[in-house]
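Trainee: Could you walk me through reading this model, feature by feature?
Mentor: Gladly; let us look at it together.

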Amino acid sequence: MPWTTQSTRTAYENPWIRVREDQVVRPDGAPGIYGVVEMRWPSVFVVALTDADEVVLVTQHRYATGAVSTEVPAGATDGEDPLVAARRELLEETGLRADEWVRVGGMDALNGVAKAPEHVFVARGLTGFPPGPESSSSDGAVLGRQGSASSADQAEEGISRVEALPFGQVLGMVADGTIRDGETIAALALAGLWLGRFA
C-alpha cells in the first residue's frame, strides 16, 4: 500500500529549496507526518577526463558538514538544460571546457527525505586550464593559469584546489574514505560503468 498525502504545507522556502511538511497515511495505514526537502532545480555532476585518463577534482569547504570535501565539478541547473548547466559548472569550477559530452545516467539524492533529481555527464577533450589558487595533475605539473573562468567563481564556491588524478587513484580515494561526497561517489560509479571499468 503506497503512502497517501492528506494535506501539505510549506514550512520554509528560499530561491534554492522548499521544505514541506505533509500529513500522510503510512503504508501500514497509520497516520503520520513526512518532511520533504525539494530542490528548486535538478543538479548536474561532471566526471571530466583528461587525455591521460585522469579525473578532474575540486576541493572545497562544505558549510553543511563543516568539512573540506574533494568532489567532481557539480551544481544546480538553475532552470537551464542539464547539458548547458554542466558546461557552465565545469568552466566556473575548473576553468576547463570539453569537446565531448555524454550523459551517462541520473540519480535521486537522499530520496528518503528529498526530491533532488541529478544528471551525470562524462566530459572529454578538455581544453583550458584552471585559474584557481592551487592546480596540479598527478605528475605534479601545474596545470596553468589560462582559461576563461574567473577565480571569483571559485572563491564564491570556496574551491581551494583543482587537480587531475588517475581514475584508479580516485577510486582508491573512495575506498579509503578520502572522497566522502555521496553524489561524487555515485557519479564516478556511473562513469566507470559507462567506461567499462567495472566489468
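Trainee: Among contacts between residues at least 6 apart in sequence, what percentage join residues at least 24 apart?
Mentor: Contact here means heavy atoms within 4.5 Å. Of the contacts in the protein between residues at least 6 apart in sequence, 55% join residues at least 24 apart. Keep in mind that this is a predicted model, where local features need pLDDT of at least 70, side-chain atom pairs count only at pLDDT 80 or more, and totals for chains, interfaces and linings use all residues. Residues are numbered from 1 along each chain as its sequence is written, and side-chain values use heavy atoms, with hydrogens and water left out.

Trainee: How many helices and strands are there in the protein?
Mentor: Helices (H or I, at least four residues) and strands (E, at least two) are DSSP runs, numbered from the N terminus. The protein has four helices and twelve strands.

Trainee: What share of the residues is buried?
Mentor: Buried means under 20% relative accessible area, exposed over 50%, and partly exposed in between, with a 1.4 Å probe and protein chains only. Of the 199 residues in the protein, 41% are buried.

Trainee: Which residues of helix 3 are buried?
Mentor: An α-helix has 3.6 residues a turn, so residues three or four places apart point the same way. In helix 3, residues 167-175, the buried ones are Phe 167, Val 170 and Met 173. Seen down the helix axis, these buried residues fall within an arc of 115°, so they line one face of helix 3; the arc is that of the directions from the helix axis to the C-beta atoms. Gly 168 and Ala 175 are exposed on the other side of helix 3.

Trainee: What do the buried residues of helix 3 pack against?
Mentor: Their partners are strand 5, strand 6, strand 12 (159-166) and helix 4 (182-195). Just after helix 3, Gly 177 takes a positive phi of about 85°.

Trainee: Where do residues other than glycine take a positive phi?
Mentor: Asp 53 has a phi near 65°, and Leu 110 has one near 45°. Asp 53 sits in the loop between strand 4 and strand 5 and is partly exposed, at 27% relative accessible area. Leu 110 belongs to the loop between strand 8 (97-108) and strand 9 (114-115), and its 65% relative accessibility makes it exposed.

Trainee: Is Thr 77 buried or exposed?
Mentor: Thr 77 is buried, with a relative accessible area of 2%. Thr 77 lies in the loop between strand 7 and helix 1. Leaving aside residues up to four places away in sequence, Thr 77 touches Trp 41, Pro 42, Ser 43, Val 44, Pro 82, Ala 85 and Arg 88.

Trainee: And Trp 16, is it buried or exposed?
Mentor: Trp 16 counts as exposed, at 57% relative accessibility. Trp 16 is in the loop between strand 1 (4-13) and strand 2 (17-25). Not counting residues up to four places away in sequence, Trp 16 touches Glu 38, Met 39 and Arg 40.
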